[in-house]
Amino acid sequence: MSFLAYPRPDNSFGVRNHVGILSMVACANDVARWISEQAPGSIAFTHQQGCCQTKPDLDIVTRTLISLGKNPNLASVLLVSLGCESIALNEVAEGISNSGKVVEQIVIQKLGGSSPAVAKGSRLARQLVIKASQIKQRSVPDSELRFGIKCGASDTTSGLISNPATGAAVDLLLDNGGSCIIGETTEFMGAEHILAKRAISAGVHQQLLNIVEQMEKRAIAAGTDMRGGQPTGGNIAGGITTIEEKSLGAIVKSGSKPIQAIYEYGHVPEGKGLFIIDSPGREPEALTGLAAAGAQIILFSTGRGAPQGFPFVPVIKITGNPQTYKNLPDHIDLYLTPEDIVGHSFNKAGKVIYEEALEVASGKRTIAETTGYTGATNIYTLGPVI
Amino acid sequence: MSKLQAVVVNSLDNVATAMATLKTGTLVKLSEEGDTTVELREDISLGHKFSIHQIESDSAIVKYGEVIGYATRTIQPGEHVHIHNVLGNRGRGDLSKEKP
């Protein structure tokens, strides 16, 4: 099968052709957003990091920004720096331009503050949009596709319907030679023994158990039962009782294929097949981790109806909850009925999702792209804000 | 198409998940043939679980064929199974002297 895509200089293929306006630090977020508002065709990525953090966290933020800039859905990038942040602007610019992509930069404090920065930045962004508009879509095989997989605002219909159906779509992509990224280490807890059996080597098996143990230790360090935080209040209202139940329902969205490798947050897995990015379950950080890993499309399974997409990666919302489908039309792209699926093979539902993903890859808009609900983004860090 | 009332995911499970909101007294079919039924002792919302066997206090709650937690008291067949009568084993910072 094939889809229409925008070729990039590093031989990757974008399913969108945005100019990315990447904020270097929380203090540059508003300028980045104002620039994108004045340059249609560009889109801002903002986050709460980039300054007053320990070196390991600054390294995560730096590599995540580089990886985001390299995402094939961006034709080119404008970096927006305040000027006094702890992230090195040149390092990020150089990292992204290694992919052959055009990278521009502005520094708000050097330009005389926010108003001139918006004026200069939007002028640069509009030029990048014009250049990007000359890139022509062409048909490429689906092996060039990389899915990111997420579940959020889950209830028990997620584990029984939308997650296994998503897993069947993942299997289809991997059978066709593509690649896929999963994250949400917290939601392996209680199911890691099942997932670890799919590791391609003893090393990857052990690494999987290690990342879950580290995530659990961080949760336990709070000194309370993590229930209420994970599973969330909404998960519990939807019928999920423990993290073990949530995890057992969550891992099935990764399908059934072998796990090739596990990466720390912010890295781009190389090659084809199924990869894990060590990330938390929360949407703003988890979705960013998938986009940074090079996902061009995110399949997002939801029970209770999570609203958000991502600025430059189309997010396809899939639910098996009839009440959510009926009550939250602005949050859902695909509804799978229980009667169609439960107790039966998920192949049919997986094919429905897969075909939708190829349509979206070729240009069909997702609901989150049309509502513009794409601003709830962040970068995952581990240490204190200092 | 028959309306599916509840799902038992794995033959090892001792709970079923409601696929619609079900009222007290409903005789729920647990298989398509309808030869196994459980009478609900209380209303069960869509997506929530009920016991299909008696579950003793401190014994495992099993869904997907795996342990998802343990009962904090005896749970009768047809009773709602949720946070009021189940605790998890993972991420339990409140037990951190014993775990991990």
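Biologist: What radius of gyration does chain A have with its 386 residues?
Modeller: First, this is a predicted model, in which local features need pLDDT of at least 70 and side-chain atom pairs count only at pLDDT 80 or more, while totals for chains, interfaces and linings use all residues. Residues are numbered from 1 along each chain as its sequence is written, and chains are lettered from A and ligands numbered from 1 in the order in which they are written. The radius is taken over C-alpha atoms, and the globule rule is 2.2 Å times the number of residues to the power 0.38. For 386 residues that rule puts a compact globule near 21 Å, and chain A agrees with a value of 20 Å.

Biologist: What percentage of the residues in chain A is buried?
Modeller: A residue is buried if 20 or more other C-beta atoms lie within 10 Å of its own, exposed if 12 or fewer, and partly exposed in between, with C-beta atoms placed from the backbone. The C-alpha atoms of chain A fill a box of roughly 60 × 50 × 45 Å along the principal axes. Of its 386 residues, the buried share is 60%.

Biologist: How many helices and strands does chain A have?
Modeller: Helices (H or I, at least four residues) and strands (E, at least two) are DSSP runs, numbered from the N terminus. By that rule, chain A comes to 14 helices and 14 strands.

Biologist: Which element gives the largest share of the side of domain 1 of chain A that touches domain 2 of chain A?
Modeller: Chain A is divided into domain 1 (18-134) and domain 2 (143-371), with bounds from an automatic or database domain assignment. The contact (C-beta atoms, placed from the backbone, within 7 Å) takes 15 residues from domain 1 of chain A and 12 residues from domain 2 of chain A. On the domain 1 side, strand S3 (18-23), strand S4 (42-45) and helix H2 (55-70) of chain A each give two or more residues. The largest share, 6 residues, comes from H2(A).

Biologist: Which residues touch the most other members of the largest nonpolar core?
Modeller: A nonpolar core is a set of buried Ala, Val, Leu, Ile, Met, Phe, Trp, Tyr and Cys residues joined through C-beta atoms within 7 Å. The largest one has 140 residues, and H5(A) gives the most to this core, with 9 residues. Both domain 1 and domain 2 of chain A supply at least three residues each. The members that touch the most others are Val80(A), Ile297(A) and Leu299(A).

Biologist: Is Leu128(A) buried or exposed?
Modeller: Leu128(A) lies in helix H4 (residues 114-132) of chain A. Leaving aside neighbours within four places in sequence, Leu128(A) is in contact with Val19(A), Ser76(A), Leu78(A), Val102(A) and Glu104(A). Because Leu128(A) has 24 C-beta neighbours inside 10 Å, it counts as buried.

Biologist: Which residue in S5(B) is the bridge partner of Ala16(B)?
Modeller: Ala16(B) sits in strand S2 (residues 15-18) of chain B, where both faces are covered. S2(B) is joined by 3 bridges to strand S5 (residues 49-51) of chain B, and the two run antiparallel. In S5(B), the partner of Ala16(B) is Phe50(B).

Biologist: How do the residues of the side of chain B that touches chain A divide, and how many are nonpolar, polar and charged?
Modeller: In this interface, 31 residues of chain B are in contact with 34 residues of chain A. The largest share of the chain B side, 4 residues, comes from strand S7 (residues 66-71) of chain B. Ala, Val, Leu, Ile, Met, Phe, Trp, Tyr, Cys and Pro count as nonpolar, Asp, Glu, Lys and Arg as charged, and the others, Gly among them, as polar. The chain B side divides into 13 nonpolar, 11 polar and 7 charged.

Definitions and conventions:
Two residues are in contact if their C-beta atoms, placed from the backbone, lie within 7 Å. Two strands pair if DSSP finds at least two bridges between them.
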